[in-house]
Structures are given as structure tokens and as C-alpha cells.
2 protein chains.
Amino acid sequence: MKQWFEELVQRNETKIVMVVLDGLGGLPINGKTELEAASTPNLDALARISATGLHIPVSYGITPGSGPGHLGIFGYDPLEYQIGRGVLEALGLGIELKNTDVAMRGNYATVKDGIIQDRRAGRIPTEEAQMLTEMLQNEIRSIDGVEIIFRQGMEYRFAVVMRFPEPLKEDSAMVNDTDPQKIGKPPLKPQPMNENSERVAKVAEKLINRASEVLRNQQRANYVLLRGFSQVPHIPSFEENFGLRALAIAIYPMYRGLASLVGMDTPAVEGDIKEEIDFLVQKFNDYDFFFVHIKKIDSFGEDGNFDGKVKKIEEFDKYLPRILELKPNVLIITGDHSTPCLLKSHSWHPVPVILHAPYVLGGTSSSFTERECLKGELGIFPAKYILPLALANSGRLKKYGA
Amino acid sequence: MKQWFEELVQRNETKIVMVVLDGLGGLPINGKTELEAASTPNLDALARISATGLHIPVSYGITPGSGPGHLGIFGYDPLEYQIGRGVLEALGLGIELKNTDVAMRGNYATVKDGIIQDRRAGRIPTEEAQMLTEMLQNEIRSIDGVEIIFRQGMEYRFAVVMRFPEPLKEDSAMVNDTDPQKIGKPPLKPQPMNENSERVAKVAEKLINRASEVLRNQQRANYVLLRGFSQVPHIPSFEENFGLRALAIAIYPMYRGLASLVGMDTPAVEGDIKEEIDFLVQKFNDYDFFFVHIKKIDSFGEDGNFDGKVKKIEEFDKYLPRILELKPNVLIITGDHSTPCLLKSHSWHPVPVILHAPYVLGGTSSSFTERECLKGELGIFPAKYILPLALANSGRLKKYGA
């Protein structure tokens, strides 16, 4: 977003709700996509009176990870702002990151005589790894004045954050992965790629050595490999860019983390769709913009569980009237990317969008499906334009030019 | 294409076939476009189960030449890479160009007392010009150690290539046209526009003088005008950019030449559609990507021969099942630009696209026509995105971002 855009932004009392059904879009199995198979009377009725279309998260043919998928629908160009693997891992495990931090993804590994025998330490169970991670945290609290934060993930995976005493320069995390990606080789040393990253590499090296000492008696998990050294990107905040006080409502820490990167408030919420919507109702007077993240639709897609994905979409459909009762000025319903059960993974396919707002044509789509949204007034368009459309429809964008 | 894209490319064993029906798109005459008038049961059946849409070769309202038309569908931005007129002429006449070469388009002209009387030497017949061109080639084989290659075109047109002993710097062909574009004026001297082009201009001047000597006894064609001094552009190859070993199958040298600019293999093929498809079948195990160029549809369009264009489309339709029998993972059927009989020329109109692939919605278009493709899931999109879509559908693109 450029300055010309920010100059058009004006504030008012309107409310914008963006519901992100994670991994919404699908592909036909036996002729019908997940959305086509789902019985969604409320979404269909809404589609009939709304602007519809499909958004392209990053670019044609490009399958987005969760980071770029969300940046796009938050109004940022996902090719301009990149979120490193370490940062995403740390966010996903609930670590709140600052501009003093370098985050890495860690693997427990098995090393003998300086050679990697197993890059995943025999895929040790999460419970066992959790104990090791607590041990590491107890033994290694800081290195050279840098606070070290460990957080256990699934199985052999964990996140580490080095929290420096002062904000870091922009390219301070330019350090190579220490995982050579092959067994039978020695682990790599963390090497700085520039002057700013020298200190980071030095602390990382000491961290690896200290961890090896702590883990020396372990059979399998006696070494840590570090990957994806990264810092939080400098993204202009939602409030700066769009003049919106924004609240993220998400069960999973990663999505709250992504929202925090653009400056949304991200209180923890527990439960599922019902509890998220309860929270939305409760907070509706306190913010301008609400990002409501519904996760499980993507999870069923990743599992290739067609019926599960269909049922989760139907479940959301039942809660939709509660959102409509709030009468938001603009309601967007979309996904961050497609996750077709056919592919069991994220995909590049455009994602259906409903933009329910006072100033639309409507009457183009008979239901909320990929094929019906093709007929909509929004066409097929880059995800980053959803937010300007929401601002326009809520009277938050002034005229451009005289 | 930027580095971020190349980093996503991965190789596998899939096959991609791109059929380019040159000048495919049309406009209605008596209510029907050429595609609408043609009986194409096989293309129609394929359109019904495929992703469809229309591509914009260069930009809205921009009519592409053959160079930019092909660069776009080859996945390159035609505004970023430009192919000079001399290069295109030389490629069209079957000269294989290297980075040591400067190519020009030549005209035979009539000059008396230093003044141009006829810029086309009375449009002398090709046979007569052919003899002159052979004479020039026999008399002028090199100038100052630079090899000179002549190749006859149609009527008064020919191509000249100066092949230097070593690779040239990028802007070495910055030399003005010697054709003043008006009769009654003297021909212009070739002038260098920068330091790198000084040597090229000098050789060109000697070339013109030597040619004038050789042609001094000719009544009409006693002079050569040179235009479109150009070098082959530095285009990253298909293999570098997309990880594809690519074969071009084209009867006409110009299209093989264009394919060679992006590093495709370009063996000569003789015949027509049948022989091209025979060749495709024969080579199907040896490459990842196949560009099959079908020329005559454009030629009939240029002639304004509606029935001829319709029949040629119908002829291709009969051969389509032979391509489908090969079961390519991705099959693209499109054109490089439109050539409506109504206009008797290339045009700016979006070009219908079929993307037949495993991961599509399908079911949006009832036949393969401009108007039915408007309903398709690809929408109206820049030509340069066809290739990323083909790569995605063949599992050749990794996920972007974490």
C-alpha cells in the first residue's frame, strides 16, 4: 500500500467483520466441490444479495502458506512482506514476538561422533520432547545477555527465540540453517551472512553447544538443529494503513500471531466457532474491524476428509445468522487459500468471497460455491483488494483526485 | 519472473503440452465468430471438463506481433523482453541466431544520383530477388572479420546477419534505420547511438557500399536499405525459469526461432498438423514440455477467409483425440493472439484458453468459443500466467511461504 492510499482513509463508526474460513475453496470429487456438497442455506441466501467473486491469494498458480494467505486478505501484498519459517513456528506456538527477537525452528536430532544419524531423533513423541524442551529452558535462560525462549511443538519440533536487549537492525537474522538436510553429514555451523547477523550467529552457536551439553545423556535427542532464522517483518499496522482498530478472534495461536504482525489485538480465545462468535458479540462495540478465523475447515481439507470439511462448513452456516444480527456495515466471508480434499493440501485455486455490504449489485450468484462466485460482480481478483473494497463500502475511503 | 518464483519450481516426470492455434480468437461475422461457426465436437467436449478462460497477450487494447504473442504464452512478460524486427526477420527465414549476432531486415531499393526512387525496388518478384541475394552472399562473405549472412524473404525483403567473432555487449545494435521512409530523399547513413554500436555501424556502412557495387548494374534493385538492427534478447531459458526441458514443434521457421530464444529444442518439421502430431507422439518421452504451433488458422484470418479459418480449426479438432491419447498431465489449447477475419489482421482481443488438467473445476463452458470461455474459472487474465498455472497443475510448484 502506498501513501496515496493512506491519504484516502478516513475514520468513522462503521463495523467491518471478516470471517476467514481457513482453506475454504475446494475441487470437485464426484462432480461436486465441498461447498457444492454442503447444505448452507444461510450462506446461499447471503450470496444471492451480496457482491461475490473469487480472490487470488498470491498469484496465478501459486500455493500460499498460511502467512502469505493471511497477509493478502489483510490488505498487504504477500510478495512484498515475507514471514520467515522461524517466526511462523514461534507464532504458532504462542510466543509473542518483538522487534528485539530472532526466531528459529528447532529439530531434535541424533548425532554420533559429530555425524547426523537422524534429523528427527526417531520422531520422538511430543511428551518426551516436551520434557527435554523444559529441561533446555531451565538450563539455558540467557546467553551473553540475550534471553532464550524455548517452546515445544509436535514431536521433534520446537521453536527458539533469542530476545536481544535492544531492537535489531532489519537483516540481523541472515544466518544459514544448521541442518544439512541429509544424514551422514556433520551439522552445519550457524554462519552470519552479513555484519548485522554476526552477533546472532555467535549466540546461536553457543546455544547449540549448551543444548548439546544439556542433552548429552539422551539416546536419540542429543542435538538441536536450527532452521529458518527470522525476524518479524516491518509491516505497517492495520491502524496506520487503514485507520482500523482491529481485533483478531482465533483459537489457534498462529493466526493470532499473524494478526499481531499487522497490529491487531489478539486476546486468547478458547473453544470453537460458538465461542468465537460469542466473543465477537461481546467485543463488538470496542473495535472497527474483526478478523474471525475458523480453522478446522482447512484441517479436514488437509486430511482429505471431504465429509468432515462439508460438515464444518455447514456448522459455520448455522452460526452465520448470529453474525448478521450484529448488522455489521460490511461482512466479508472468504478463506485465506483453498485446501481441496482432492489435493490434501493448500492449493493455488482462487477462493470464493462474499462481500455483504450496502453498495453492491448482488443477484449474480444463486449460492455460495466456487462456480457460482465466478458469476459475481467482483470477478477474479487479487486478495489484497478485499480490504479497500471493505473500506469503500463502509464509507472509509475518500474520493481520489479532484 | 522474479527469483521468488524460480525458487518454487521443482522437477518431476509430468508432461505438459501447449497447442498454439496461431491467431485463434475471432469476431462475429453474421453473428458468429470463427470458433462459433466451426464444428468442433472434440474441443467442445474438452472445454466442458476443463478450466477455461481468455488470456490477454500483452495488455488491454494492445495488438501483439508474433514475438510478444509467443513470449506471453511462454511465461515471459512481453513488455520486459523485446524482440527486434531484424531478429524476427532472421528467425523467420530460418537463421539460427547467437549472442555474437546483429540482425537486420533488408529491402532492395532503387537509388539514382544518391536519391531513393523506390523503397521496394518495384516490388521485384521473389525469384529475381533470390538470385540477387545469392549474388550478394557469394560476393560478400565477411567484412573486417565479421561473417555476413544473407537470407532471401518474400519479394524485395531479405534478412542480413553480421556475426562477430565474439559475443557482443547488450546495446551493440543501437544503430538507426537507413531507410528514410520517404522517396526523393537520400538513404541515411547507419549511425551508432553509443560506443558499443560504433563497430556495428561501421561494418553496416561497408556492407551497404559493397552491396551497391555488387548491384550496380541492376535496373531496379541497385541498393539495400537496412532496418531493425537488433540482437537476440537475453531471456532466461525455459529450463532455468521453469525447470522444463522443452521441445518446439512448428512447421514455420519463425516460430521455431521464437522458441529457440527461450531455449527450446527446435528440430525442423515438415508437413502440416498431421506431421506435427506424429512428431509429438514420437518425441513424447524425451521432453517435459511441448509447444505445438499450428500456423494456418492465422493465415486465413489475415486473408479475411472466414470459411478457410473455420475449416482449419475443424481440421485441428479432428486431430485432438490423438493428443488426448498421449494423456499429458496438462494440456493447454490457446492462441498467441486473435486474428479476426473481420479485421484481416492480428488484434488485441483476448484469446480463448482451455487448460485441461486434473485439478480444475470444469463444467463452466458448454463449448470452446470466445463467449463460452468468458464463463470459465480462469477469467480474463494476462497470458504470462498460463505457464505458472500449467506448472501448478503438474505438481511442479512448491508452496510459497510458511
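This is a predicted model: local features need pLDDT of at least 70, side-chain atom pairs count only at pLDDT 80 or more; totals for chains, interfaces and linings use all residues.
Biologist: Why is chain A described as being as compact as a globular protein of its length?

Modeller: The globule rule gives 21 Å for 402 residues, and chain A comes close to that value, so it is as compact as a globular protein of that length. Its C-alpha atoms fill a box of roughly 70 × 50 × 40 Å along the principal axes. The value on which the comparison rests is a radius of gyration of 23 Å.

Biologist: What percentage of the residues in chain A is buried?

Modeller: A residue counts as buried if 20 or more other C-beta atoms lie within 10 Å of its own. Applied to the 402 residues of chain A, this gives a buried share of 52%.

Biologist: Which helix gives the most to the side of domain 1 of chain A that touches domain 2 of chain A?

Modeller: Chain A is divided into domain 1 (11-82 + 236-393) and domain 2 (87-230), with C-alpha centres 34 Å apart. Their contact takes six residues from domain 1 and six residues from domain 2. On the domain 1 side, five residues come from one helix, residues 253-261, and that helix is α9 of chain A.

Biologist: Which element gives the most to the side of chain B that touches chain A?

Modeller: Between the chains, 18 residues of chain B are in contact with 28 residues of chain A. Both β13 (379-382) and α14 (386-393) of chain B supply at least two residues each to that side of chain B. The residues there divide into twelve nonpolar, four polar and two charged. With four residues, the element that gives the most is α14(B).

Biologist: Which residue just after α11(B) takes a positive phi?

Modeller: Helix α11 of chain B covers residues 296-303. Just after this helix, a phi of about 70° is taken by B:G304.

Methods. Residues are numbered from 1 along each chain as its sequence is written. Chains are lettered from A and ligands numbered from 1 in the order in which they are written. A residue is buried if 20 or more other C-beta atoms lie within 10 Å of its own, exposed if 12 or fewer, and partly exposed in between; C-beta atoms are placed from the backbone. Two residues are in contact if their C-beta atoms, placed from the backbone, lie within 7 Å. Ala, Val, Leu, Ile, Met, Phe, Trp, Tyr, Cys and Pro count as nonpolar, Asp, Glu, Lys and Arg as charged, and the others, Gly among them, as polar. Domain bounds come from an automatic or database domain assignment. The radius of gyration is taken over C-alpha atoms; the globule rule is 2.2 Å times the number of residues to the power 0.38.
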